[in-house]
Structures are given as structure tokens and as C-alpha cells.
Amino acid sequence: MRRVAKSFWAAACVLSAVCWMAPLASGTPTVGAQTTRTDILGLISQTPVVEPDADLIIRLRVTGAPSGATIRVDVHGRVPTRTDFQASLQGRNLRPSVGSPTIVPAAPDASGTVVVSVATRDTQSTTSPDSQRPTIRITEGVFPVTIALLDGRTTIQQLLTYMVRLPAGRQYGPLGVAVVLPLGGPPALQPDGTVALDDDTKQAAVNSSAVLSARNDVPLTIAATPETVDALDQATIEAARTAVSGRELTSMPYVRLHPNEWIASDLDSALGQQFDRGSRSLATALAPPAPSVFVADNQLTSETARFLHGRGITSMVVPDDALSGLDLRVFNRTLTQPFVLRDSDGVEAVAADSALATHLGSTGDPVIDANHLVADLSVLYFDDPPDQRAATFVLPEDRPIDSRFLDALLTALSPTVNRILRPMTLSTIFNTVPVVGTRGEVKGSDAPLTRSLEPKPSEDLSSFARRLGTTEGELAAYRTSVVAPNPRPDEFERRALVAGANGLSDEQRSSYLDGTGDAVHGELDKIDAPPRQTISFTARDGVVSLTFKLGTGYPVMVDLFLQGGKLEFPGHEDGHIPLTLTDETTRVPIDVRTRASGDSTLDVTLQTPDGGLVIDRTRVTVRSTAFSGVGLVLSVGAGTFLALWWGRHIVTARRGRSRPRHAAT
């Protein structure tokens with residue numbers, strides 16, 4: 001028996017070797033083989049999906065090919081699983097070619113383009129193949145396609161794409177596809193209040209808007225960074241507004257940040273301000289964001305999920321590497337349905353498929369990257385066509401998205417082109433795709449699957465939290481002084497918000513917060529109390545006229561506080577006088593009553609209405625030369641007493657001198 005088994009495996013190995021070597025013997029190039037050039041051949045476009053008995057049309061850019069060079073296209077055997085697909089991307093386990101290769105001269109037209117047409121027929125088709133060109137017979141599925149530029153038998157350059165052959169039947173619905181497209185970049189607002197939008201970020205916004213506007217039949221979700229949107233020029237904003245029309249904007253904080261770091265540092269209120277400001281900015285510039293949908297990062301915690309749920313967010317996209325694993329005995333394929341997050345107050349979630357997102361930029365050719373992504377999605381569809389499912393992926397925000405990639409992707413997802421993939425927004429997924437059950441049920445017949453969060457390590461923001469608290473207090477105080485409407489407080493607030501952006505160093509964060517504080521104090525320094533002075537009264541009551549200078553260019557409200565131990569302020573017994581300064585110079589007359597003659601100190605303090613900041617101080621000396629009634633009586637009495645005393649003294653002295661003198665005896 002062992003001999004039979006050994007003979008069987010030996011025969012199998014030989015057969016396998018023969019099958020793999022046959023293409024090589026016939027001159028079929030293999031993916032991963034050494035090539036001499038990498039810049040001659042490029043993919044312009046190809047048929048996104050192929051209907052039964054239709055042709056695969058490939059348009060190639062060919063520059064500088066040797067005379068007599070040819071292009072050879074081989075369609076390889078179907079990849080049955082996602083594991084096989086991932087292996088094929090690396091040039092491993094490619095199955096033998098299906099039918100004969102298609103070979104054409106590498107002779108480009110005037111535009112540098114070579115068009116290759118590969119004829120296909122369904123395995124059950126009764127249509128006779130075209131005898132004038134090679135025709136391959138295939139069924140539904142995803143098939144690797146190798147495209148080689150050959151000089152004789154030498155491979156100059158080769159590409160790997162995929163052909164998606166649609167099923168003949170239409171009894172099953174499509175696989176939902178939710179694309180999350182980031183729109184944003186590093187902070188444009190600088191610590192000093194100037195705006196310097198990164199050129200790449202602006203160009204990406206322009207390019208993405210143009211593609212989205214041209215492919216307006218493809219719904220998707222846009223994760224737009226509000227701070228970036230605020231920095232765009234008006235023309236770009238108008239283009240972006242057109243691009244997002246009919247699509248979904250997800251809720252976003254004002255800048256890119258990790259919410260869990262803020263929650264862990266007791267910055268709940270500040271995080272709420274980030275989301276509030278983000279929603280206002282997006283609603284003003286583009287459209288109101290969906291209030292219940294959020295795209296989380298891989299640091300999401302249950303505590304943060306509950307905080308966001310308290311703000312009305314009921315659905316989230318969570319990276320697959322931040323979630324607990326699945327029982328592979330039950331879930332032996334990629335999970336493409338919503339589930340419930342544990343300890344989140346009932347938040348539903350879908351896993352963001354990281355493998356789908358990594359196709360962006362993986363080959364260096366954006367059109368091929370898009371082809372690989374669509375092929376990967378198609379493999380997911382063929383995994384389980386009957387069930388109602390949806391795949392979700394978030395395109396990376398840390399790398400540029402080439403407009404050619406986006407155009408090729410949206411073209412392939414267009415409902416008029418592709419009937420096995422249905423693009424949709426995140427909200428549509430949560431509203432139409434049922435939550436998966438614990439035993440893998442797809443129609444919600446069992447208890448919902450619950451998955452735990454496994455957040456990645458995060459940064460400690462406790463030091464930043466203390467500094468932010470000081471700055472926010474100054475901002476709040478300044479805001480109480482400004483008469484609405486006035487955009488200045490919001491401008492300063494934006495700097496404090498940007499200080500919390502991901503990727504900033506402690507020094508950069510401090511620079512933003514210091515810049516905000518300096519801006520606030522700079523505005524308040526434009527409000528001046530009168531200089532030190534001395535004012536004389538000739539009576540007990542008088543008027544002190546204080547002159548205030550205003551250099552802000554806009555009206556402000558301040559609180560004036562008067563303090564003097566020997567002074568009273570009729571009408572303002574507590575010494576508090578609210579003021580609204582509107583002119584460059586404002587004179588404020590104050591009734592003052594002196595309690596004693598001589599000099600009395602009047603301390604004048606200007607502060608914000610909430611008492612949070614002192615704006616200016618000064619001191620006025622009130623000099624009184626008037627006598628009080630009691631003092632006058634005492635003075636008159638003292639004068640009378642002295643007059644009587646001196647008068648009596650004079651009379652007594654005179655009598656003494658007029659007495660006769662007697663001689664001594």
C-alpha cells in the first residue's frame with residue numbers, strides 16, 4: 001500500500017512539474033522572471049469586467065521598444081480562493097495558461113498606444129470562435145493575466161493584471177463595496193496664524209474632485225479633514241462641493257487625531273469641541289456630515305466607543321487588526337458583514353479590510369493597482385455569491401492617491417459596468433446588510449456576533465492636556481469680551497485645535513498653544529486704561545473722568561472695577577461698572593465721594609467679563625482740599641478757645657504790670 005501511495009505522489013509531482021514547465025517550454029514568460037527594463041511598458045486601461053463571450057481589451061503604453069518586439073498576453077487558470085489570489089500577486093502558484101496566448105507586434109500608434117484584444121468564449125457557449133484569432137474558453141471567476149514585452153525570447157518587461165469574467169446567470173445580487181476616500185493632509189494653519197497648504201495636499205484635492213465629479217454615479221464615503229477643507233481656495237472648495245454631492249461625508253474631528261488618547265487624558269470636552277468644529281466646517285464648505293457614522297483608527301477603545309456613541313455615533317469602521325480574532329471553524333472566509341462591538345453600548349461595526357487597502361501603491365503603476373483591487377473584491381464576491389454581504393476598505397491617508405488609480409477604480413465599480421460589485425456608502429451598509437450571527441448566520445437569525453477591541457499602543461497626552469487647559473481658559477475669557485458677530489475668536493480657536501493633530505512633536509504643540517495665547521493677549525493689549533494721574537477735588541463730591549483707548553478695530557465688552565479705601569462711588573457701590581467700548585477713545589465719568597481730605601488712592605482694573613483675564617490696571621490719586629462739617633466745627637472751636645486763652649493771658653499780664661510796687665522792710 002505504501003508503495004502504491006509513493007508511486008501516486010511521485011506521479012503527481014511529475015505531472016505537476018510537467019504542467020508548470022509546459023508554459024516555460026513554449027516561451028510563456030513568468031511573473032517575477034528577470035527583466036531588462038521596467039519603464040517601457042505600462043497599462044493605460046483594460047476592460048474592467050468581461051461578460052460571457054466578450055473580449056478583454058487591453059490598452060498599453062509602449063515607449064522605446066526594440067524593433068521587432070512583440071507583446072504576449074497569457075490568461076492563466078482561475079484563482080479559486082483569496083489565499084490563491086494573494087499568492088498569485090507575488091507570482092507564486094500561477095496556473096497554466098488557458099488556451100493559446102495572444103501575441104501582437106509592439107508597434108504603438110501615434111499616441112504610443114498598443115491595443116490587445118483577447119477573445120473569450122464561455123465553456124457552455126455554442127457560438128463558434130473566430131478562426132482568425134486565438135480564443136480562450138473560460139467560465140466565471142478571476143483569472144491572472146500576464147503581459148510580457150518580448151525581444152525574441154528575451155523578456156524585456158512584464159506586467160500582471162487580472163481578468164474578471166462575470167457569471168452567465170443573474171440570480172445573485174452583487175457584493176456591496178464601501179470605499180472610504182480620505183481628503184486631507186498635514187495642518188495648513190501655522191502657529192502664527194498664517195495658512196500654508198501643502199502643495200501635494202491641494203493637488204490631491206483638485207485631482208480627486210475632478211475624478212469624483214466625472215464618476216458621479218459611484219457612491220462612496222469621504223473622510224474629509226475639516227482643517228484642510230478650511231485651507232482650500234474658493235475654486236477648489238466649489239469643485240469639492242460638486243464632487244461630494246450625492247455622496248457621504250463621515251463625522252470627523254477638526255484635525256486628524258486619535259480620540260482614545262484624548263479620552264485617556266481627560267480631554268473629553270476638548271475632543272467634543274474638535275468634533276463640533278469639524279462638523280461646522282464641513283457643513284459650511286461642503287455638506288453636513290453623516291452624524292451617526294465614524295471611521296475609527298486602530299487605537300479605538302471601548303471607553304472611546306462609548307463616548308462617541310454618546311455623541312450620536314452608532315456605526316463605525318474599525319481596522320481589522322484592532323479587532324479580536326474569529327473562530328476559523330465558523331468564519332473560514334473573509335467576514336463581510338456588520339457585527340457588534342463589545343462594551344460599546346451597542347455600536348455596530350464593520351471591519352476595514354487592510355488587504356484591500358494595501359493595493360494602493362503596491363506595484364508602482366496606479367492603473368494596475370486599481371485592477372488588483374477590483375480583482376480582490378471580485379474574489380470576495382465569488383466566495384459566496386448568494387449571501388447579502390459588503391466589503392469595506394479605507395484608502396490610506398498617509399500616501400498620495402493617484403488620480404489614475406481613483407479613475408480606474410471608480411470606472412470598474414460603476415453600476416453601468418459591473419453587476420457583481422455594488423458601490424455604496426457606509427450608511428447604506430449598516431441600513432441594508434444584516435448583522436452576522438455568532439454561528440455565521442447571514443440573515444440575523446441568531447444572536448449577533450460580538451467582537452472585542454484590541455487597541456494598539458497610544459501616546460500619553462497628559463502634559464499637552466495641562467497646557468491646552470490654560471490656553472482654552474484664555475480663549476474662553478477673550479471670547480466673553482468680543483461682541484458678536486466677530487470671526488477673531490474662531491480664528492484663534494483653530495490654532496488651539498490644530499495643536500492636537502497627530503504627528504506633531506511636543507515643541508510643535510507648544511508652539512501652536514503659545515501662538516494662540518500670544519494672539520489673545522495681543523488683542524487685549526490693544527485696550528488701554530488711562531495713565532496714572534492726580535485729580536483734585538475742592539468739595540467732598542466730584543467726578544473722575546477716565547479715558548480708555550481701543551485699538552482692536554472692533555467693539556469689546558470689559559468690566560471696570562474701582563477700589564479705594566477712602567472713596568465711595570455713588571450709583572456703583574460695589575465698584576463694578578460693565579463697559580462696551582466701541583470707539584478709539586471712550587471717556588467714562590465716575591461720581592466719587594471722598595471720606596477725608598488729602599490724597600486718596602483709586603485703583604482701576606479692567607478685566608474680561610468672565611473675570612478670567614486682567615486686561616489693564618492703573619492708579620488715580622484723588623486729592624481733596626475741602627473740609628467736612630465736623631472738621632469746620634472743631635476748627636472754629638479750637639480757634640475760639642485759642643482766642644479766649646490768649647485774650648485772658650494778655651489781660652492777666654497787663655494787670656500784673658499795673659500793680660504798685662512796695663519797698664522792702
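**View 1. Gly437, a buried residue in a loop of the predicted model.** Gly437 is buried, with a relative accessible area of 0%, in a model that is predicted. The loop that holds Gly437 runs between α12 (426–432) and β18 (450–451). When neighbours within four places in sequence are left aside, the residues in contact with Gly437 are Phe331, Asp446, Ala447, Pro448 and Leu449. Thr450 is 13 residues from Gly437 in sequence, and the C-alpha atoms of the two are 8.6 Å apart in space.

**View 2. Arg419 and the residues around its side chain.** Arg419 is placed in the loop between α11 (403–413) and β17 (421–423). Its side chain makes a polar contact with the side chain of Glu51, at 2.8 Å, and the side chain of Arg419 also reaches the backbone oxygen of Pro167, at 2.6 Å. Apart from neighbours within four places in sequence, Arg419 is in contact with Glu51 and Pro52, with Leu166, Pro167, Gly169 and Arg170, and with Pro174.

**View 3. Helices α3 and α11 where they meet.** The crossing in which α3 passes α11 is right-handed. On the α3 side the meeting residues are Asn207, Ser208, Val211 and Leu212, and on the α11 side they are Ser403, Leu406, Asp407 and Leu410.

**View 4. An open sheet of four strands.** The four strands of this open sheet follow the order β19-β21-β25-β23, and their pairing is antiparallel. At the edges stand β19 (527–528) and β23 (567–568), each with a single partner strand, so one side of each is left without a neighbour in the sheet. In general, strands of a sheet pair through backbone hydrogen bonds, in either a parallel or an antiparallel way.

**View 5. The pairing of β19 with β21.** At one edge of the sheet, where β19 has a single partner strand, two bridges join β19 to strand β21 (residues 541–550), and the two strands run antiparallel. Within this pairing, Ile527 stands opposite Leu550 in β21.

How values were computed
Residues are numbered from 1 along each chain as its sequence is written. This is a predicted model: local features need pLDDT of at least 70, side-chain atom pairs count only at pLDDT 80 or more; totals for chains, interfaces and linings use all residues. Side-chain values use heavy atoms; hydrogens and water are left out. A polar contact is a pair of N or O atoms within 3.5 Å; within protein, one must be able to donate a hydrogen and the other to accept it, and residues adjacent in sequence count only if both atoms are side-chain atoms. Contact means heavy atoms within 4.5 Å. Buried means under 20% relative accessible area, exposed over 50%, partly exposed in between (1.4 Å probe, protein chains only). Two strands pair if DSSP finds at least two bridges between them. A crossing is left-handed if the near helix is turned anticlockwise from the far one by less than a right angle, and right-handed if clockwise.
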